[in-house]
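Here is a short briefing for a first look at this structure.

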Amino acid sequence: MTLTRSTLICALTATVIALAGCGAGSTAAQSSSSTAPLPADAPALEQVYVSVVAKVLPSVVQITTDHALGSGVVFDTKGDIVTNAHVVGQAMRFQVRLADSPKTIPATLVGAYPPDDLAVIRLDQPPPSLHPAHFGDSTKLRVGQIVMAMGNPLGLTGSVTNGIISATGRTVTEPAGNGPGATLPEIIQTSAAINPGNSGGALVDLVGDVIGIPTLAALEPQSEGMGGAAPGIGFAIPSHLVTDIAGQLIAHDGHVVNSHRAALGVGVVTVVGPDDLPAGVGVSSVTPGGPAATAGVQAGEVITAVNNIPVHQTAELSQVLANLDPGQRVPVTLVTADGGTRDRKSVV
C-alpha cells in the first residue's frame with residue numbers, strides 16, 4: 001500500500017447528478033414508504049455527535065501559506081496551534097482563520113519537527129475567544145471506537161467525517177518530498193475519511209477529546225501517480241506524541257530535546273547493486289561520539305541489516321529504527337569498503 005500526504009492544494013470540481021422522474025406507482029416510491037424505523041438509541045447517538053462537533057470544531061482552524069492550505073488545532077490560550085510539519089513546509093509566516101470568524105489572523109512559526117511530521121505556529125494576536133482543544137490519552141484507545149475527523153478538506157471549512165479506529169500502533173512512512181519521507185511510529189489507523197486539506201486537523205473521540213492529528217491517507221496501488229485515495233484507510237499521529245512534541249517545541253524555542261527515537265548517529269544514502277536495485281544504506285558521515293561512532297562504524301561502509309532485519313534503502317532503515325527503543329543494543333551488519341562483511345553491536 002502506497003501512502004500519500006493529504007494534498008494541501010486541491011481544485012474542487014462540482015458534479016451534477018441527474019435524477020430520473022418516477023411515477024406514483026414506482027418501485028422507488030414504494031421502497032421509501034416501507035423504510036425501516038430508526039433504532040431506539042439512534043437519537044441519543046446523534047445527539048452525542050452534535051455535542052462533540054459543537055465542542056471541538058471551535059478549536060479547529062484553517063492554515064494557509066502562499067502555496068498551501070491545511071488545518072490546525074488550538075493548543076493553548078497563548079495562541080499556539082499544532083499542525084503537521086508538511087502543512088507549514090518551509091514557510092515562516094501564515095494566515096489562520098478561526099472557526100468563529102471569517103477574518104484571518106497572522107501567525108509565525110514556533111518550530112517544526114519533520115521526523116514526527118509535527119509543527120507549532122503562534123498567532124501574532126490571539127483573541128480572548130480562543131478555544132484550546134482538550135487532548136485525550138491515545139494510549140488507551142481501542143479498535144472499534146467511533147471517531148470523527150475535523151478539518152478543512154478541499155478548503156471546506158469545518159468539515160466533519162466519521163468512522164472507527166481500525167488499528168493502533170502502525171508504523172508508516174510518508175512519501176518522500178524534497179527529502180526522505182518521515183517514518184511515523186505508533187500511528188492510529190481510522191476509517192474516518194481523511195481528505196485533501198484534513199492534514200493537521202483533529203481526530204476526536206465521542207467524549208470530545210482530540211486523540212490524534214490526521215496526517216496521511218492511503219493510495220490505491222493501481223492509482224499511484226493519479227492521486228486515488230483508498231477509501232476508509234487513513235492515519236493519524238496519536239495525541240500522546242502530539243502533546244509531547246508540541247510541548248517541547250513551545251518550551252524550547254522551537255526545538256525537540258528528547259525525540260524518544262532510536263538513532264544510529266549517521267548520515268546515510270541508498271546505494272544500488274550491479275543490478276541497479278537498492279542494495280543497502282551507505283554511511284556518508286558518522287556523528288562524533290554517537291552510537292555508530294562508539295560501535296566503530298565508519299563512513300564509506302554500507303549497512304545491510306539492523307537488529308538482524310535486512311535494510312536495502314534509507315526508508316527501510318528508518319522503519320527498523322522507529323520500532324526500536326532508545327538505548328537498545330542491537331547488531332548492525334556492514335559491508336566494508338573492500339567488500340567484506342562485519343558485524344557491530346550498537347546502542348541506538
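The largest nonpolar core holds 35 residues, and V73, V82, F135, M150 and V210 touch the most other members. Helix α4 (residues 239-251) gives the most to this core, with 6 residues. A nonpolar core is a set of buried Ala, Val, Leu, Ile, Met, Phe, Trp, Tyr and Cys residues joined through side-chain atoms within 4.5 Å. This is a predicted model: local features need pLDDT of at least 70, side-chain atom pairs count only at pLDDT 80 or more, and totals for chains, interfaces and linings use all residues. Residues are numbered from 1 along each chain as its sequence is written, and side-chain values use heavy atoms, with hydrogens and water left out.

- A second, separate core has 17 residues, including V281, V283, L317 and V348.
- Leaving aside neighbours within four places in sequence, V73 is in contact with residues including S59, D80, F135 and V210. Contact means heavy atoms within 4.5 Å.

**Salt bridges**
- The whole structure has 5 salt bridges. Each is a side-chain nitrogen of Lys or Arg within 4 Å of a carboxyl oxygen of Asp or Glu.
- D80 pairs with K78, with the closest N and O atoms 4.0 Å apart. D80 is buried at 0% relative accessible area, while K78 is partly exposed at 48%. Buried means under 20% relative accessible area, exposed over 50%, and partly exposed in between (1.4 Å probe, protein chains only).
- K78, D80 and R122 are linked in a network of salt bridges.
- R261 and D116 form a salt bridge, with the closest N and O atoms 2.6 Å apart. R261 lies in the loop between α4 and β14 (266-272) and D116 in the loop between β6 (104-113) and β7 (118-123), so the pair ties together parts that are 145 residues apart in sequence. Helices (H or I, at least four residues) and strands (E, at least two) are DSSP runs, numbered from the N terminus.
- R342 and E301 meet in a salt bridge at 2.7 Å, N to O. Both R342 and E301 are buried.

**Enclosed space**
- The whole structure has 1 cavity of 30 Å³ or more. A cavity is a set of points on a 1 Å grid over the protein atoms alone where a 1.4 Å probe fits but cannot get out; lining residues have an atom within 4 Å of a point.
- The largest cavity holds about 50 Å³ of space. Grid points are joined across faces, edges and corners, and the volume is the space filled by probe spheres set on the points.
- Its lining includes P58, V74, D100 and H131.

Technical notes:
On a 1 Å grid over the protein atoms alone, a cavity is a set of points where a 1.4 Å probe fits but cannot get out, and a pocket is an open set with protein on both sides within 12 Å along at least five of seven lines; lining residues have an atom within 4 Å of a point.
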